[in-house]
Amino acid sequence: MLGALRRKVATEGSSASVLGKSLQVIRPSVSASRVSSNAGKEILLLQPRGIIHVHNFSHLVLPGCSAGLTKTRDVISSIQSETIMQKSCRAFSSGDGDLVDAVVPFMGESITDGTLATFLKKPGDRVAADEPIAQIETDKVTIDVVSPQDGVIQEYVAKEGDTVEPGVKIAVISKSAEGVAPAAPAEKKSEKAASKPSPPAEAVKEDKPKAKVEASPPVEKPKSPAPPPPKRTATEPVLPPKERERRVPMTRLRKRVATRLKDSQNTFALLTTFNEVDMTNLMKLRSDYKDAFVEKHGVKLGFMSGFVKAAVSALQHQPIVNAVIDGDDIIYRDYIDISIAVGTPKGLVVPVVRDADKMNFAEIEKTVNGLAKKATDGTISIDEMAGGSFTISNGGVYGSLLSTPIINPPQSAILGMHSIVSRPMVVGGNVVPRPMMYIALTYDHRLIDGREAVFFLRRIKDVVEDPRRLLLDV
């Protein structure tokens, strides 16, 4: 086949040179050959699958370039000129594929963008595949941007605080670390460049006082006395200086929480009812079986599982509390997904315990502990916080004695737990100390009447004070 190529070139009377060099034999591994000829001559393209005849190209195809080709006659083959150009450029491309891009991942169905909160690595740091290099803060969760391959961070193409969308490139990773320029020489150069103009600046400073002395008039004008400072009236407040204040932009999570809570106040007819619960029996149940519970289930028995079970029972007795208004309709939910409010350093998140009515105490404790750990670590996902038909907020862990929680839209009610305080109570005609907790139910009065709200809270009280009701369903 190589001999046929040489004979074909000889018969056409052309030397077929490429940039002054002799026509070279093309190896089969090359996807497209170098092309050179005078206009109007036939060219042979040797490819792994055979020889392709191409007629009359008026320009030269140079190796590694994407120069345009002008066709003067139709190509006598099934291969189009565009395909030939792509193969030629791809075969002789100067890029070695060393650089890869780190892009913003998909952040969820309801999230279109996020804020580049912080970089976890610096340019020049070596990273492993799937290692987080930056964090994107969204309205609900914090998402990591990971390195696509092992390598060294060459540069960041985005800045902290930028709003980014899924698929946007934020960093360039060098697999071989050859393209990473050392930062030290550049810093030294900048230091030298900054130090050079310093002597002229000093000279200018020395000349300025002289000029002032020469230009000053021999006779000084008498200075007018400074006006006295304005006296403050008794009603004018004394404000602290601006130097003692700090302005920090709100995070996207805090903005989202603020918007939702204000929308809740503007939309719902909020009303709160209160009651108190004697925690004696639930605390005794926990004390008697805590060791056996941990040994069998591998998780501690807390109060949250008891209140979740009590809320499930109350929602089954008062299904209107589990419903929601949608326009002119009421949507009754035949499932019970309990949202648990969790305070984190970055803000309030509300993960969901799904199908809580089908769980036992151990399953609830494991699910709640797992979701709380993810929320604190910032690894909780959007799906784990979506939905929810009723919310429980435990302000008692922070020492809250009494509060009025705000509904988490689009739900219709929220239960607030508070701290346990020993108070004197009348039991059987005697005044005895009892561990008491105030509980609060905030509800949408457009949908839920006071009667249903009070009955709901009474059911919570009855189940927590006597957990045996759950076994007997009474």
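How many residues does helix α9 (residues 450-465) have, and how far does the helix reach from its first C-alpha to its last? The legend to view 1 takes this up, after a note on the model.

The structure is a predicted model, in which local features need pLDDT of at least 70 and side-chain atom pairs count only at pLDDT 80 or more, whereas totals for chains, interfaces and linings use all residues. Residues are numbered from 1 along each chain as its sequence is written, and side-chain values use heavy atoms, with hydrogens and water left out.

**View 1. Helix α9 and its buried residues.** Helix α9 has 16 residues and reaches 22 Å from its first C-alpha to its last, close to the 22 Å expected at 1.5 Å a residue, where the expected span is 1.5 Å times one less than the number of residues. Helices (H or I, at least four residues) and strands (E, at least two) are DSSP runs, numbered from the N terminus; the chain has ten helices and 20 strands. Buried means under 20% relative accessible area, exposed over 50%, and partly exposed in between (1.4 Å probe, protein chains only). The buried residues of α9 are Glu452, Ala453, Phe456, Leu457, Arg459, Ile460, Lys461, Val463, Val464 and Glu465. Of the 474 residues of the chain, 34% count as buried.

View 2. Among contacts in the chain between residues at least 6 apart in sequence, 59% join residues at least 24 apart.

**View 3. Helix α8, its two ends and its surroundings.** The 17 residues of α8 (residues 361-377) should span 24 Å at 1.5 Å a residue, which agrees with the 24 Å between its end C-alpha atoms. At the start of α8, a side-chain oxygen of Asn360 reaches to within 3.2 Å of the backbone nitrogen of Ala362, while just after the helix Gly378 takes a positive phi of about 80°. Ala362, Ile364, Glu365, Val368, Leu371 and Ala375 are buried in α8, and what covers the buried residues of this helix includes α6 (280-297), α7 (303-317), β14 (338-340), β15 (342-344), β16 (347-349) and β17 (352-353).

**View 4. The packing of α7 against α8.** With 13 of its 15 residues buried, α7 is largely enclosed by the rest of the structure. The two helices pack at an angle of about 115°, with their axes 9 Å apart; axes are lines fitted to C-alpha atoms, for helices over the stretch in contact, and angles run from 0 to 180 degrees between N-to-C directions. On the α7 side Phe303, Met304, Ser305, Gly306, Val308 and Lys309 take part, and they meet Phe361, Ile364, Glu365 and Val368 in α8. By class, this contact has six nonpolar, two polar and two charged residues, where Ala, Val, Leu, Ile, Met, Phe, Trp, Tyr, Cys and Pro count as nonpolar, Asp, Glu, Lys and Arg as charged, and the others, Gly among them, as polar.

**View 5. Asn408 and Pro410 in the loop between β18 and β19.** The loop between β18 (390-394) and β19 (413-427) holds Asn408, which counts as buried at 17% relative accessibility. The side chains of Asn408 and Arg260 are joined by a polar contact of 3.0 Å, that is, a pair of N or O atoms within 3.5 Å, of which, within protein, one must be able to donate a hydrogen and the other to accept it, and residues adjacent in sequence count only if both atoms are side-chain atoms. Leaving out residues up to four places away in sequence, Asn408 touches Arg260, Val350 and Thr391. Pro410 is placed in the loop between β18 and β19, and the peptide bond from Pro409 to Pro410 is cis, with omega near 5°.

**View 6. Met385 in the loop between α8 and β18.** Met385 counts as buried because its relative accessibility is 14%. Met385 and Leu371 are 14 residues apart in sequence and 9.4 Å apart in space, C-alpha to C-alpha. Neighbours within four places in sequence aside, Met385 is in contact with Lys140, Val141, Val349, Val350, Pro351, Val352 and Ile380.

Note on methods: Contact means heavy atoms within 4.5 Å.
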